[in-house]
Each structure stands twice: as structure tokens, then as C-alpha cells.
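I opened my notebook to look up a handful of spots, one entry at a time. The structure comes first, then my notes.

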Amino acid sequence: MPQLEILSHRPVGPAKPVPLLFVHGAFCGGWIWDEHFLPWFAERGWEAHAVSLRGHGASEGRERLNSFGIVDYIEDVLAAADACSAPPVLIGHSMGGMVVQRTLIRRRFPGAVLMASAPPHGLLESTMRLAWSDPYVFQQMGMLMTFSNGIEPEAVRRAMFSDRVPLELAKRYEPLMQEESQRVLLDIGGWIPFPLLPARGVPVAVLGAEEDRLIPKDQVEATARAFRTEPVFYPAMGHCMMLEPGWESVAHDIVDWVETAVLKTQAPKTTEPQRRAPDTGVRAAAD
């Protein structure tokens with residue numbers, strides 16, 4: 001098992017009863033959550049962790065990245081979850097959303113949030129659409145995969161962000177981006193059959209960005225249908241919602257959803273007769 005980088009922010013004041021574990025997408029690392037989300041959640045009493053999957057960030061394995069498959073990334077999430085004080089809510093972005101979906105098949109968790117997630121059927125449709133709609137970004141991502149020599153800041157801006165984000169911000173993040181495992185991209189590309197979805201009953205929220213060039217709206221809707229929930233979309237936001245202007249609204253919605261769909265369902269039951277509560281097994285984040 002490679003040594004994993006886990007970025008952790010301890011809660012300020014009394015800790016919430018459920019930790020949060022964030023899983024990054026392709027070409028990134030745990031750093032993408034550390035900019036805003038981890039400190040923001042910790043300041044509000046949440047134990048917040050972000051794992052850099054093997055070969056990413058400061059985790060071991062960069063030199064053999066292409067040998068890793070999605071099964072290896074699932075093992076990383078399970079290992080990071082074991083390091084938490086209690087079973088965490090999993091929050092996955094993009095490729096990390098697919099990793100979270102497959103992790104839920106291996107083990108039951110209190111809940112999951114899928115942000116601009118790869119859909120259960122894979123990325124083939126999204127990839128082909130990107131090649132048609134924005135061949136420049138498609139070509140630049142291919143260069144990053146093939147030659148590992150970086151990506152132009154303008155391509156970073158168009159791939160990761162909405163048009164509201166200035167190029168200077170993209171230049172800041174470009175050096176942090178890296179190649180992705182070709183084996184993993186094949187695993188999630190949609191070329192091979194996928195296993196069944198996780199068992200029903202685990203609450204799942206599905207979030208999307210209206211200006212996302214990588215995971216368009218209909219793919220987010222397909223994910224939501226698979227989990228029998230309604231997606232929540234954020235207007236004028238791009239793929240990396242956790243770094244976009246207005247990221248706080250996404251964070252607030254995640255908190256509201258966890259408190260409503262996860263914590264309330266875990267509350268001890270009284271011995272008094274009660275009316276049957278509405279089913280909150282699968283819900284979208286609050287607007």
C-alpha cells in the first residue's frame with residue numbers, strides 16, 4: 001500500500017458526529033480541496049480530510065501511475081476512511097465521484113456527495129462531446145496525458161472554470177495539475193461494462209455546474225437518475241465548483257444536506273409512537 005497524503009483540518013469547537021472525506025478528480029490532488037473547503041468546514045465544526053490518491057499530490061507512486069486502476073483508488077479511499085475518527089461522508093469530484101460510487105459498493109458509508117461526477121455509465125459520451133465542442137481543450141488534455149509536460153493556462157481555465165474566472169487564477173493552478181493514469185481513464189471511459197450500483201438506502205446528493213465543459217448537464221442528470229434523486233445545478237459555475245467564485249454556496253448546501261439527509265436519519269429514535277417519516281434515503285442538496 002503506497003504512503004498516502006491526507007490533508008486534514010481538525011474541527012473548531014465541538015466536532016460534528018460525522019467526518020467528511022473529500023476525493024479529488026483526474027489530473028489533480030488533495031490540494032484542490034485545501035484552498036477553501038477544508039478550512040471552511042473545519043471552522044464550522046467538521047472533521048475534514050482530503051486524500052491524494054496514489055500517484056497524485058504528495059502520495060507515493062507517481063513513477064508508476066499508469067499501472068494503477070480504479071480498484072487501487074478505491075483502496076486508497078477505504079484506507080483514508082479508516083484513518084478518520086468515524087465512518088465519513090464521502091465527497092467526490094469528477095473522476096473522484098466515480099471512485100466514490102465504486103467505493104460504496106465495497107462498503108456502506110453514512111452518505112455521499114457527487115460533485116460534477118463522472119456518471120455511472122462512464123466518460124465516453126462526455127469525452128466525445130468535448131472533442132466536438134472544444135477541440136482545443138480536448139487536444140491540451142491529450143497532451144497532458146501523453147507527454148506529461150503541462151497544459152496551457154487558457155486550457156486550464158476553459159476546462160476547470162467558468163468564464164468568470166480570470167486567466168491569472170488558472171495560471172496559479174496550472175503547475176499543480178499532473179498526468180492521470182491511462183489505465184484508470186480506460187476503466188472509467190465506458191469501454192467496458194461497469195458493476196452494479198451501490199445498494200439502495202445510502203443517501204446520495206448529486207451536484208452539477210451549469211457552465212461545466214467536462215461533465216455537461218445531461219450527464220449530471222443521468223447520475224441523479226441512477227441514484228433516484230434530483231440534481232442541484234449552480235448557475236454560472238464551471239467544473240471545479242470548490243474553486244469558483246461563489247463556492248461558499250456549494251459548501252453551505254453540502255452542510256445543509258449532510259445535516260438533513262445523514263445526521264437526522266442517524267438520530268436516536270424515541271420510544272413514543274411517531275408518524276412515519278418521509279424517505280430521505282436519497283436526496284439532493286438544498287437550494
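Predicted model: local features only at pLDDT ≥ 70, side-chain atom pairs only at ≥ 80, totals over all residues.

**Entry 1: R228**

I then looked up where R228 sits. It lies in the loop between α10 and β7, the strand at 232–234. R228 follows helix α10. Its phi is near 55°, which is a positive value in a residue other than glycine.

I turned back to the helix itself. Helix α10 covers residues 217–226. Its buried residues are Q219, V220, A222, T223, A224 and A226.

**Entry 2: S94**

I found another positive phi at S94, near 60°. S94 is not a glycine either. S94 belongs to the loop between β4 and α4. Is S94 buried or exposed? Its relative accessibility is 13%, so it counts as buried. The cut-off I needed here is that buried means under 20%.

**Entry 3: H93**

I looked up H93 next. It is part of strand β4, residues 89–93. H93 has 2% relative accessibility, and therefore I list it as buried. Which residues does H93 contact, once neighbours within four places in sequence are set aside? I noted V23, H24, G25, W33, M115, A116, H239, C240 and M242.

**Entry 4: H49**

I found it in strand β3, residues 48–52. At 3% relative accessibility, H49 counts as buried. I again left out neighbours within four places in sequence. The contacts of H49 are then I6, L7, S8, R10, L20, L21, F22, L38 and C84.

**Entry 5: aromatic rings**

How many aromatic pairs does the structure hold? I wrote down 10. One of them is F22 with F37. The ring centres of F22 and F37 are 6.1 Å apart, and the planes stand at 80°. I recorded the pair as edge-to-face. F22 is in strand β2, residues 20–23, and F37 is in helix α2, residues 37–43. The two are 15 residues apart, and the pair links distant parts of the chain. F22 and F37 are both buried.

I then followed F37 to W33. The centres of the W33 and F37 rings are 5.8 Å apart, with the planes at 50°, so I call this pair tilted. F37 has a relative accessible area of 1% and is buried. W33 is at 0% relative accessibility, so W33 counts as buried.

Which residues do ring pairs link into a cluster? My list is F22, W33, F37, W40, F41 and W247.

**Entry 6: charges over rings**

I looked for charged ends sitting over rings. The charged end of R54 is over the ring of F68, at 5.5 Å from the ring centre. I found K217 with its charged end over the ring of F233. There the distance to the ring centre is 5.2 Å.

**Entry 7: α3 against α4**

To describe two packed helices, I need the angle between their axes and the distance between the axes. I looked up α3, residues 70–82, and α4, residues 95–106. Their axes come within 9 Å and cross at roughly 75°. This makes α3 roughly perpendicular to α4.

Which residues meet where α3 and α4 touch? From α3 I noted I70, Y73, I74, E75, V77 and L78. From α4 I noted M95, M98, V99, R102, T103 and R106. I sorted this contact by class: 8 nonpolar, 1 polar and 3 charged residues.

**Entry 8: P119**

My last stop was P119. P119 is in the loop between β5 (112–115) and α5 (124–133). Its relative accessible area is 0%, so P119 is buried. I set aside neighbours within four places in sequence and listed its contacts. They are M98, Q101, Q219 and T223.

How far apart are P119 and E221 in sequence and in space? I noted 102 residues in sequence. In space, P119 and E221 are 8.8 Å apart, C-alpha to C-alpha.

Terms used
Residues numbered from 1 in each chain as written. Heavy atoms only, no water. Helix = DSSP H or I, 4+ residues; strand = E, 2+ residues; numbered from the N terminus. Buried < 20%, exposed > 50% of the residue type's maximum accessible area, 1.4 Å probe, protein only. Contact = heavy atoms within 4.5 Å. Phe/Tyr/Trp six-rings, centres within 6.5 Å; stacked < 30°, edge-to-face > 60°. Lys NZ or Arg CZ within 6 Å of the ring centre and 35° of its normal. Axes fitted to C-alpha atoms, helices over the stretch in contact; angles between N-to-C directions. Parallel < 35°, antiparallel > 145°, perpendicular 65-115°, else oblique. Nonpolar A, V, L, I, M, F, W, Y, C, P; charged D, E, K, R; others polar.
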